[in-house]
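Subject: Structure handover

Hello,

Please find the structure below, with the sequence alongside. My notes on what was found in it follow, grouped by topic.

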Amino acid sequence: MAATVLTTEDLQEFKVELLQEFKELLKSQSTTQPKKWLRSPEVRELLDISPGTLQNLRINGTLPYTKMGGVIYYEYADILKVMQANRIHHK
């Protein structure tokens, strides 16, 4: 088995290539559209809330939902509307 010698320049070139690939991955992820319908675990993760808080948002009518076959779905656009409606502006 032959030994391969790496130089500082080789490592620098690798670093530049790796950073470029990360940038491309991040760019491609930011251009993807979110799903139209989200399930409860996805909404809880998105809003960083507990299952009880999500249930309260459903019960008091704050967050509209659709229930099909025992699975609750939330429309992404409705989540954005609720977030915008509850936005607090400090003067």
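The structure holds three salt bridges. Before the details, please keep in mind that this is a predicted model.

Salt bridges

One of the salt bridges joins Glu42 and Lys35, with 2.5 Å between the closest N and O atoms. Glu42 lies in helix H2. Its relative accessibility is 28%, so Glu42 counts as partly exposed. Lys35 is also partly exposed, because its relative accessible area is 46%, and the class covers values between 20% and 50%. Not counting residues up to four places away in sequence, Glu42 touches Lys35 and Trp37. For a sense of distance, the C-alpha atoms of Glu42 and Lys81 are separated by 17 Å, and these two residues are 39 residues apart along the chain.

Another salt bridge is formed by Lys36 and Glu75, whose closest N and O atoms are 2.8 Å apart. This pair links distant parts of the chain: Lys36 is in the loop between H1 and strand S1 (37–39), while Glu75 is in strand S3 (residues 71–75), and 39 residues separate them.

In a further salt bridge, the side chains of Asp78 and Lys81 meet at 4.0 Å, N to O. Where do Asp78 and Lys81 sit relative to each other in helix H4? They are three residues apart in that helix, and therefore separated by about one helical turn. Is Asp78 buried or exposed? Asp78 counts as buried, because its relative accessibility is 17% and the limit for buried is under 20%. Lys81, at 56% relative accessibility, counts as exposed.

Helices H2 and H4

Two packed helices are described by the angle between their axes and the distance between the axes. Here the axes of helix H2 (residues 40–47) and helix H4 (residues 76–85) cross at roughly 30° and come within 12 Å. The crossing of H2 and H4 is right-handed. Which residues make the contact? On the H2 side they are Val43, Leu46 and Leu47, and on the H4 side they are Tyr76, Ile79 and Met83.

Two strand residues: Leu38 and Ile72

Leu38 is found in strand S1. With a relative accessible area of 8%, Leu38 is buried. Apart from neighbours within four places in sequence, Leu38 is in contact with Val43, Leu46, Ile72, Tyr73, Tyr74, Tyr76 and Ile79. Val43 and Leu46 of H2, and Tyr76 and Ile79 of H4, also take part in the contact between those helices. Leu38 and Asn86 are 48 residues apart in sequence, and their C-alpha atoms are 20 Å apart in space.

Ile72 has its place in strand S3. Ile72 counts as buried, because its relative accessibility is 17%. Setting aside neighbours within four places in sequence, its contacts are Leu38, Arg39, Ser40, Arg58, Tyr65, Thr66 and Lys67. Ile72 and Pro41 are 31 residues apart along the chain, and their C-alpha atoms are separated by 9.9 Å.

Phe14, Leu18, Leu19, Phe22 and Leu25 make a nonpolar surface patch of about 490 Å². Phe22 lies in helix H1 (residues 8–30), and Leu18 has its place in helix H1 too. Leu18 and Tyr76 are 58 residues apart in sequence, and 33 Å apart in space from C-alpha to C-alpha.

A backbone angle to look at

Most residues other than glycine have a negative phi. Asp48 is not a glycine, yet it has a positive phi of about 55°. Where is Asp48? Its place is in the loop between H2 and helix H3 (51–59). Asp48 counts as exposed, because its relative accessibility is 71% and the limit for exposed is over 50%.

Regards

Definitions and conventions:
Residues numbered from 1 in each chain as written. Predicted model: local features only at pLDDT ≥ 70, side-chain atom pairs only at ≥ 80, totals over all residues. Heavy atoms only, no water. Patch = residues over 30% accessible without salt bridge, like charges linked within 9 Å, V, L, I, M, F, W, Y side chains within 5 Å. Areas by Shrake-Rupley, 256 points an atom, 1.4 Å probe, with all protein chains shown as cover. Helix = DSSP H or I, 4+ residues; strand = E, 2+ residues; numbered from the N terminus. Axes fitted to C-alpha atoms, helices over the stretch in contact; angles between N-to-C directions. Left-handed = near helix turned anticlockwise from the far one by under 90°. Contact = heavy atoms within 4.5 Å. Buried < 20%, exposed > 50% of the residue type's maximum accessible area, 1.4 Å probe, protein only.
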